[in-house]
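Subject: Handing over the structure

Hello,

Here is the structure I promised to pass on to you. Have a look at it first, and then read on for what turned up in it.

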Amino acid sequence: MIANPKTRIAQINPEHYSHFIEHLGDCVYDGIWVGPSTPVDHTDGIRQFTIDALRDVGPAVMRWPGGCFADQYHWRDGIGDPESRPSTQNIFWGGIEPNRFGTHEFVGFCQKIRATPYICGNVGTGSPQEMMDWLEYCNGNDDSTLVEERRANDALEPMNIKYWGVGNESWGCGGHMQPHEYAALFRNYHTYLSRMDANVQFVAVGHDATWNRDLLRALQRGTAVPNLQALSIHRYFSRDRKAFVYDEAEHLDLVAEAHLLEQDIAQADGTLKNYEDPAHPIGLIIDEWGVWDKEKATPEHGLRQPNCLREAIIAASCLDIFTARADRVTMTNIAQTVNVLQCLIETRGAEAWVTPTYHVYDLYQDHIGHDAIATHVSSPTLDVLDFRQSPVHQLSAAASLSSDGTRATFSVTNRHFSETLGCSLNIHDGNMGDVEGRLLTGTDARAENSPANPTCVTPIPLDVETSDNTVRLDLPPLSVAVVTASVS
Ligand code: AHR
């Protein structure tokens, strides 16, 4: 791979490495909230392992309370005396919602892991008034009744929730709307919410190319879409809902499917360019993405699925795609942080451990704050075609450079099931020194961590050779490496 320091794409925001939690299965209850009277180690009812593990990977933003659950959630059910909170039906994921983890617990969790909170509001069964009240309760600073109520609930200072989603998947579980119906609602909500707090960012529900075009068209007045700061899209990789068998053909299908993100981003980018005011570009947020084993991760099983080395390879490939499109993508949130779908942490009672995907987030921290730079990758190809009907590269790669140009980070992933890949890294017209790297790999695609072997898949120092300003390394099959170097 040759990285070109002169072709800076955009800064890689910390928000690229953000997360999503939903009241679903064991994500919130057990994964995060264990309550104040449990033998499990905790701080203020939040599982200590989850706090420590997440703090170490520095999640920039945490999205909550859903997902589909967001459009049935009424925030008032989750504040005040925990003993007096109602129990409600979780209509999408089953079971009874005890409402022990509400706004204050969520914000407390975010403070503990140093993440910015992102609340997804209820459009499906809520109202502009309900969401406006929630916003006032959280962010207000005047002596209104709602703000006094928050203070009485022990939050003296405004919570400063920066991101507010106006519904979730309004084309599906969020109300099965048409784009023009959602556009009318979005305009209505935005009118009142933005008057309540002009400093927050409102996120509109996006979807596929047709929805995005029709939505932006419906929102358009004059020449540019007013009031739209960010559009969110989701992408899950589920191999056409077939059962997962972890063989090579399936792995290749998943690798190819992950490249659909390139198409999603390119299509959304084209649409946004057509409708936005260039002086106020609209951010693209991919606030749910990841591998979804539709056979195992069913609502009955709390959307729980194995999280192996294979998922880590997909995570790295996606993060490289986001880096290459840092010019448009402003935030991405993997689904879902703990115990659900492509998670970073798993818990079972008192036991807790991190997944291979967690380690990818840990390794990729070296990109944060750098500028993404253009790369030229020459690589053997895999025996699979992407959405363009082009063969997929064996190597997934991305590169970034500190703003002063003195430090470079390379992420490289060998996606071959069984073959090692020799890899060389160069900076065009630059010298590299102080080269360091870490490698994540395992015995095979199914390698996973567990309570019995929590470090089965864990990063190890990487052997690198540097000569003639070229860094050389061998990437074992199914491996991810991140290399940093000083540049002069
Ligand atoms: O993450 C699981 C579900 O997937 C979310 O609730 C929904 O937004 C999406 O369809």
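In which loop does G67 lie? G67 belongs to the loop between β5 and β6. Before going further, please keep in mind that this is a predicted model.

**The loop between β5 and β6**

Strand β5 covers residues 61-64 and β6 covers 88-89, and P65 sits in the loop between them. The peptide bond that leads from W64 into P65 is cis, with omega near 5 degrees. A cis peptide bond also links G66 to G67, this time with omega at about 20 degrees. For background, most peptide bonds are trans.

**The ligand**

The ligand has 14 residues around it, and the closest are E22, C68, E169, Y236 and E288.

- C68 uses its backbone: one of its N or O atoms is 2.8 Å from an oxygen atom of the ligand.
- Y236 uses its side chain, where a polar atom lies 2.7 Å from a ligand oxygen.
- E288 also brings in its side chain, with an N or O atom 2.8 Å from an oxygen of the ligand.

**A cavity**

How many cavities of 30 Å³ or more does the structure hold? There is 1. The largest cavity contains about 30 Å³ of space. Its lining is made up of Y73, W75, N122, S127, E130, M131 and W134. By residue type, that lining splits into 4 nonpolar, 2 polar and 1 charged.

**Helix α7**

Helix α7 runs over residues 248-258 and is mostly covered, with 8 of its 11 residues buried. Those buried residues are E250, H251, L252, L254, V255, A256, E257 and A258. What lies over them? The cover includes the helices α8 (260-275) and α9 (309-324). Strands take part as well, among them β11 (230-237), β12 (283-291), β17 (381-385) and β18 (391-393).

**Two buried residues**

H416 is placed in the loop that runs from β20 (407-414) to β21 (421-427). Is H416 buried or exposed? H416 counts as buried because its relative accessibility is 12%, and the cut-off for buried is under 20%. Leaving out residues up to four places away in sequence, H416 touches E248, L382, Q394, P477 and L478. A polar atom of the H416 side chain also lies 3.0 Å from the backbone nitrogen of S418.

E346 belongs to strand β14, residues 345-348. With a relative accessible area of 7%, E346 is buried too. Beyond its neighbours within four places in sequence, E346 is in contact with R304, N307, N339, E351, A352, W353 and T355. If you want a sense of distance, compare the positions of E346 and M432: 86 residues separate them in sequence, and their C-alpha atoms are 39 Å apart in space.

P39 is in the loop between β2 (18-20) and β3 (42-43). Why does P39 count as exposed? Its relative accessible area is 84%, and the cut-off for exposed is over 50%. P39 and A350 are 311 residues apart along the chain, yet their C-alpha atoms are separated by 8.0 Å.

As a general point, most residues other than glycine have a negative phi. D154 has a positive phi, near 80 degrees. You will find D154 in the loop between α4 (145-152) and β9 (163-166), and its relative accessible area of 70% makes it exposed. D468 likewise has a positive phi, near 50 degrees. D468 sits in the loop between β24 (465-467) and β25 (470-475). With a relative accessible area of 71%, D468 is exposed.

Happy exploring, and best wishes

Note on methods: Residues are numbered from 1 along each chain as its sequence is written. Side-chain values use heavy atoms; hydrogens and water are left out. Helices (H or I, at least four residues) and strands (E, at least two) are DSSP runs, numbered from the N terminus. Buried means under 20% relative accessible area, exposed over 50%, partly exposed in between (1.4 Å probe, protein chains only). A polar contact is a pair of N or O atoms within 3.5 Å; within protein, one must be able to donate a hydrogen and the other to accept it, and residues adjacent in sequence count only if both atoms are side-chain atoms. Contact means heavy atoms within 4.5 Å. On a 1 Å grid over the protein atoms alone, a cavity is a set of points where a 1.4 Å probe fits but cannot get out, and a pocket is an open set with protein on both sides within 12 Å along at least five of seven lines; lining residues have an atom within 4 Å of a point. Grid points are joined across faces, edges and corners, and a volume is the space filled by probe spheres set on the points. Ala, Val, Leu, Ile, Met, Phe, Trp, Tyr, Cys and Pro count as nonpolar, Asp, Glu, Lys and Arg as charged, and the others, Gly among them, as polar. A residue is near a molecule or strand if one of its heavy atoms lies within 4 Å of it.
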